[in-house]
Amino acid sequence: MKGLATEIILTIGVLIAVGIATYQLRGVYMAQQQLSEEEVVSAFAKDLEAVVDKAIGTTGDAAFVYYPAIKQYRVEIKDNSVKILDKISRKTASFSKIMPTIVDNVFEDCEKILILRKGDKIAITCRCLELGEACSDSLLCCSGYCNQTSGRCEEMPVCPKDRVCMGAPEAKKDSLGKDCCPPELPVCSNG
């Protein structure tokens, strides 16, 4: 009888010890999983920033493609800051650049991300915007023209005679194929 009681007490003690160890390991596992989730979104941000740095470092216009490891995410670009949200873990990571200008944009869950550099602007997007879609910059539009008055992508209008600037690097083709200087830039008297 005494031996049976000792075995029962020993068994109960072992079960309690296993329960405590399991509870402690669960805490370690959860902390490790949370750290892993933070590392994934952080790695995504670092990779995207590296591609943006490559675009900044190139001379002339350039285009790069990045294939994100995360499939469910949201990228928000505002005032030269890029914020990435992993929708599954709800973890965020971000980076910002002082120069050049990064065009404001928001997109989600794209299979590939395009990083476009034209002049002193960089656009991060997953697709160009079609005619009639809301836009903040011409670099985001498939047509190459964002009407700042309507805030929509439109066909490039016919360039006024005083805005024609053949071969200028900032020029955009109008609907007739002429190089048209952007309205915010001055045009030399000789074109």
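Are Cys141 and Cys153 buried or exposed? Select the pair and take a look: Cys141 is buried, and Cys153 is buried too. Keep in mind as you go that this is a predicted model.

**Stop 1: the Cys141 pair**

Stay where you are and show the side chains. Cys141 and Cys153 form a disulfide, with 2.0 Å between their sulfur atoms. The torsion about this S-S bond is about -80°, so the disulfide is left-handed. Now colour by element: Cys141 sits in the loop between β8 and β9, while Cys153 is in strand β10 (residues 152-153), so the pair ties together parts that are 12 residues apart in sequence.

**Stop 2: Cys135 and Cys146**

Next, select Cys135 and Cys146, another disulfide, whose sulfur atoms are 2.0 Å apart. The link of Cys135 and Cys146 is right-handed, with 95° about the S-S bond. Cys135 lies in the loop between β8 and β9 and Cys146 in strand β9, so this pair joins parts 11 residues apart in sequence. Cys135 is buried at a relative accessible area of 13%, and Cys146 is buried at 4%.

**Stop 3: Cys110 and Cys126**

Pick Cys110 and Cys126: they form a disulfide as well, with sulfur atoms 2.1 Å apart. Cys110 is in the loop between β6 (105-108) and β7, and Cys126 is in the loop between β8 and β9 (146-147), so the pair ties together parts that are 16 residues apart in sequence. Both Cys110 and Cys126 are buried.

Show every disulfide and the count comes to 6. Number the bonded cysteines in sequence order and the pairing reads 1-2, 3-6, 4-7, 5-8, 9-11, 10-12.

**Stop 4**

Switch to cartoon view. Zoom in on β7 and β8, which pair in the antiparallel sense over 5 bridges. Here Ile115 stands opposite Ile124 in β8.

**Stop 5**

Finish on Phe107. Which residues is Phe107 in contact with, leaving aside its neighbours within four places in sequence? They are Tyr73, Arg74, Val75, Ile77, Ile113, Ile124, Thr125 and Cys126.

Methods
Residues are numbered from 1 along each chain as its sequence is written. This is a predicted model: local features need pLDDT of at least 70, side-chain atom pairs count only at pLDDT 80 or more; totals for chains, interfaces and linings use all residues. Side-chain values use heavy atoms; hydrogens and water are left out. Contact means heavy atoms within 4.5 Å. Two strands pair if DSSP finds at least two bridges between them. Helices (H or I, at least four residues) and strands (E, at least two) are DSSP runs, numbered from the N terminus. A disulfide is a pair of cysteine sulfur atoms within 2.5 Å. Buried means under 20% relative accessible area, exposed over 50%, partly exposed in between (1.4 Å probe, protein chains only).
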